[in-house]
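Have the viewer open and follow along.

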Amino acid sequence: MNYGEIKCTDIANGTGVRVSLFVSGCTHHCKGCFQPQTWDFDYGKAFTKMAQQQVMDALNHDYIKGLTLLGGEPFEPENQRELVKLLRHVKERFPQKDVWCYTGYTLETDLLSESRARCEVTDEMLSMIDVLVDGEFREEEKNISLRFRGSENQRLIDLPKTKQQKKIILVEI
């Protein structure tokens, strides 16, 4: 897996001050995407043990609320297989920090049902994410006044509550 950037102090992609990992590779190719360079799976640098350590070191501060995964597309199967390893480390070392993940896939139709996005680690990855921002960016539904999302169709889903209540529970922000 490659990544385009690691932001050690990000306030735009989730609540509080966060560490954000922008992965490379996306097959959605949304019209109006703010980072089309990340569509290429070879964009950026290889996500090595050193890059993983950079994320872990950045998370090791009291003022950091959590980790955000975005891209590119974290739920491309090849990205999931690497990100699930990172999330295991994060949850083990920093159980009090939350994890946000942005995806162009939709929870019910793409991540919980049979689709090209599902692979052997999808359920485990979902189990370690607190807030899932799902849905492709739609330029015709763009709304710059929305918090933490770019278009009206995208949802901020509280994944632990959704799993517990067996229905979609949105985050109130």
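Lys 91 is partly exposed, its relative accessible area coming out at 22%. One thing to keep in mind before going on: this is a predicted model. The side chain of Lys 91 pairs up with Asp 130 in a salt bridge, and the closest N and O atoms sit 3.1 Å apart.

How many salt bridges does the structure hold? The count is twelve, and a few of them deserve a look. Helix 2 has one within itself: Glu 82 and Lys 85 both lie in that helix, three residues apart, or about one turn. Their closest N and O atoms are 3.3 Å apart. Glu 82 has a relative accessible area of 28%, so it is partly exposed. Lys 85 is also in the partly exposed class, at 39% relative accessibility.

Another pair to click on is Glu 141 with Arg 138, whose side chains meet in a salt bridge at 3.0 Å, N to O. Both ends get the partly exposed label: Glu 141 is at 24% relative accessibility, and Arg 138 has a relative accessible area of 38%.

## Helix 1 against helix 2

Two packed helices are described by the angle between their axes and the distance between the axes. Here the helices to look at are helix 1 (residues 49-59) and helix 2 (residues 77-93), whose axes come within 11 Å and cross at roughly 25 degrees. Angles under 35 degrees count as roughly parallel, and helix 1 and helix 2 are therefore roughly parallel to each other. As for handedness, the crossing of helix 1 and helix 2 is right-handed.

Which residues make the contact? From helix 1 come Gln 52, Gln 53, Val 55, Met 56 and Leu 59, and they meet Leu 86, His 89, Val 90 and Arg 93 of helix 2. Sorted by class, this helix 1 and helix 2 contact has five nonpolar, three polar and one charged residues.

## A buried asparagine

Is Asn 79 buried or exposed? This residue of helix 2 is buried, because its relative accessible area is 1% and the cut-off for buried is under 20%. Setting aside residues up to four places away in sequence, Asn 79 touches Met 1, Val 23, Ser 24, Gly 25, Phe 41, Glu 73 and Pro 74.

## Val 171, after helix 5

Val 171 lies in the segment after helix 5 (159-165). At 23% relative accessibility, Val 171 counts as partly exposed. Leaving out neighbours within four places in sequence, its contacts are Val 131, Leu 156, Ile 157 and Asp 158. For Asp 158 there is a distance to go with the contact: Val 171 and Asp 158 are 13 residues apart in sequence, and their C-alpha atoms are 5.4 Å apart in space.

If you are going through the torsions, stop at the peptide bond from Gly 71 to Gly 72. That bond is cis, with omega near 25 degrees. Gly 72 itself lies in the loop between strand 4 (64-71) and helix 2.

Two residues other than glycine have positive phi values to check. For His 29, phi is near 50 degrees; this histidine is in the loop between strand 2 (17-23) and strand 3 (45-46). His 29 is partly exposed, with a relative accessible area of 44%. Lys 166 has a positive phi of about 55 degrees and lies in the segment after helix 5. Is Lys 166 buried or exposed? At 74% relative accessibility, Lys 166 counts as exposed.

Key
Residues numbered from 1 in each chain as written. Predicted model: local features only at pLDDT ≥ 70, side-chain atom pairs only at ≥ 80, totals over all residues. Heavy atoms only, no water. Axes fitted to C-alpha atoms, helices over the stretch in contact; angles between N-to-C directions. Helix = DSSP H or I, 4+ residues; strand = E, 2+ residues; numbered from the N terminus. Parallel < 35°, antiparallel > 145°, perpendicular 65-115°, else oblique. Left-handed = near helix turned anticlockwise from the far one by under 90°. Contact = heavy atoms within 4.5 Å. Nonpolar A, V, L, I, M, F, W, Y, C, P; charged D, E, K, R; others polar. Salt bridge = Lys/Arg side-chain N within 4 Å of Asp/Glu carboxyl O. Buried < 20%, exposed > 50% of the residue type's maximum accessible area, 1.4 Å probe, protein only.
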